[in-house]
Amino acid sequence: MGIIEKIKEIEAEMARTQKNKATEYHLGQLKAKIAKLRTQLLEPPKGSSGGGEGFEVTKFGHGRVALIGFPSVGKSTLLTMLTGTHSEAASYEFTTLTCIPGIIHYNDTKIQLLDLPGIIEGASEGKGRGRQVIAVAKSSDIVLMVLDASKSEGHRQILTKELEAVGLRLNKRPPQIYFKKKKTGGISFNSTLPLTHVDEKLCYQILHEYKIHNAEILFREDATVDDLIDVIEGNRKYMKCIYVYNKIDVVGIDDVDRLARQSNSVVISCNLKLNFDRLLSRMWEEMGLVRVYTKPQGQQPDFTDPVVLSADRGGCTVEDFCNHIHRSLVKDVKYVLVWGTSARHYPQHCGLSHLLQDEDVVQIVKKKEKEEGGRGRFKSHSTAPARISDREKKAPLKT
């Protein structure tokens, strides 16, 4: 029996099992088994010489956005409209067969937009090059899930389920659970608040399913069984996702209003070029890019080419800004002067741990090189000869 058949068999058993207090331990074990099998499904087969055929796309720009959706929902048209890069669009499905990159120039930054082939139900099991598409999506900063406004709401649930099956968690934050394997000492179970979904016995059973018998686990929030399994697996990626509803020109105004009011949703029309500015501003907001302008000493700031930082790519502190310019710069920094929204007054003297905000201006003041041997009467050595006999004798005073 293959891995996919085993997963389907366990899912059928979970569907048959009634959910109550007596069966929660059994359901927890089944969830752990499914998570283990899905992890095995993502691993390359043993004896293979490489990771298989994928989409080779070099990272470019200050951020990366992936377009994911069913075939023929308008992904290629959206890429062409936003970037100017031609991506073939036609009235039949699976027009795009490989990954096509484009660049969005927005707010003095360059954002790479990837048009991926459409994915279908069962993509997490490898159907229709689904694994390669999802692998590229994992390497992006945010995901744009393109949906057809005229189709049913079930498409959104199917795509979310496919992405969650391969370890992508959309619009969620990592659970506040501390987990560490140990060599000896058994399992130490603690929590800082009352737990309603997980108890000590269930936690022990899930850990034993993974053959973990010595570990330390601490719950800092009322987490579920799925959260605990995600922490034990350790290969989950938490990403931001914007749900983009295309083709709003073919549905009624009431449906457009309902879709636009949903959380993390933007409605657009590629045919009539509607609401692209709102989509770009929402994308910018979710990516959290921070533009920092440099100011040389005694000169005006350079507002043409900003240094772009982000929390996902390194961080937004003064130290990260210095590392972005050059690795050796941090050692020479005495202090920095900051103008902008992160400063309390202009200019503010800041250290390396100061958190920068968008459109700040930074001037770096470097340490002065010390004169060798000190200065004045504090000199560590004189220029006079070492021996008294070698000194120049002064001419006798004239009387």
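User: Is C203 buried or exposed?
Analyst: C203 is buried, with a relative accessible area of 0%. Buried means under 20% relative accessible area, exposed means over 50%, and partly exposed is in between (1.4 Å probe, protein chains only). This is a predicted model, where local features need pLDDT of at least 70, side-chain atom pairs count only at pLDDT 80 or more, and totals for chains, interfaces and linings use all residues. Residues are numbered from 1 along each chain as its sequence is written, and side-chain values use heavy atoms, leaving out hydrogens and water.

User: And C241, buried or exposed?
Analyst: C241 is buried, at 1% relative accessible area.

User: Zooming out. How many helices and strands are there?
Analyst: The chain has 11 helices and 15 strands. Both are DSSP runs, numbered from the N terminus: helices are H or I with at least four residues, strands are E with at least two.

User: What share of the chain is buried?
Analyst: The chain has 399 residues, and 42% of them count as buried.

User: What about contacts between residues 24 or more positions apart?
Analyst: They make up 64% of the chain's contacts with a separation of 6 or more. A contact means heavy atoms within 4.5 Å.

User: Let's look at a strand. How many residues of β4 are buried?
Analyst: Seven of the seven, residues 142-148, so β4 is largely enclosed by the rest of the structure.

User: Which way do the side chains point from β4?
Analyst: I142, L144, V146 and D148 point one way. V143, M145 and L147 point the other way, and all are buried. In a regular strand the side chains alternate between the two faces of the sheet.

User: Which strands pair with β4?
Analyst: Strand β1 (residues 63-69) pairs with β4 in the parallel sense over five bridges. Strand β9 (residues 237-246) also runs parallel to β4, joined by seven bridges. Two strands pair if DSSP finds at least two bridges between them.

User: What stands opposite L144 in those strands?
Analyst: In β1, L67 stands opposite L144. In β9, the bridge partner of L144 is I242.

User: New topic. Which hand is the β-α-β unit of β7, helix α6 and β8?
Analyst: That unit is left-handed, with α6 at residues 200-209. For reference, a crossover is right-handed if, with the strands pointing away from the viewer, the path from the first strand over the helix to the second runs clockwise.

User: How do β7 and β8 pair?
Analyst: β7 (residues 187-191) and β8 (residues 215-219) pair in the parallel sense, over five bridges. One partner pair is N190 with L218 in β8.

User: How many aromatic pairs are there in the whole structure?
Analyst: A search finds three. One of them is Y106 with W284: ring centres 6.0 Å apart, planes at 65°, so it is edge-to-face. Rings of Phe, Tyr and Trp (its six-membered ring) pair if their centres lie within 6.5 Å; planes under 30 degrees apart count as stacked, over 60 as edge-to-face, and the rest as tilted.

User: Where do Y106 and W284 lie?
Analyst: Y106 is in strand β2 (residues 100-106) and W284 in helix α9 (residues 276-287), so the pair ties together parts that are 178 residues apart in sequence. W284 is buried, at 13% relative accessible area.

User: What about Y293 and F303?
Analyst: They form an edge-to-face pair, 5.1 Å centre to centre, with 65° between the planes. Y293 is in strand β11 and F303 in strand β12, so this pair ties together parts that are 10 residues apart in sequence. Y293 is buried, at 4% relative accessibility.

User: What phi does N171 have?
Analyst: A positive phi of about 50°, although N171 is not a glycine. N171 lies in the loop between β5 (168-170) and β6 (177-181), and is partly exposed at 30%.

User: And E359?
Analyst: E359 also is not a glycine, yet has a positive phi of about 65°. E359 sits in the loop between β14 and β15 (360-366), partly exposed at 43%.
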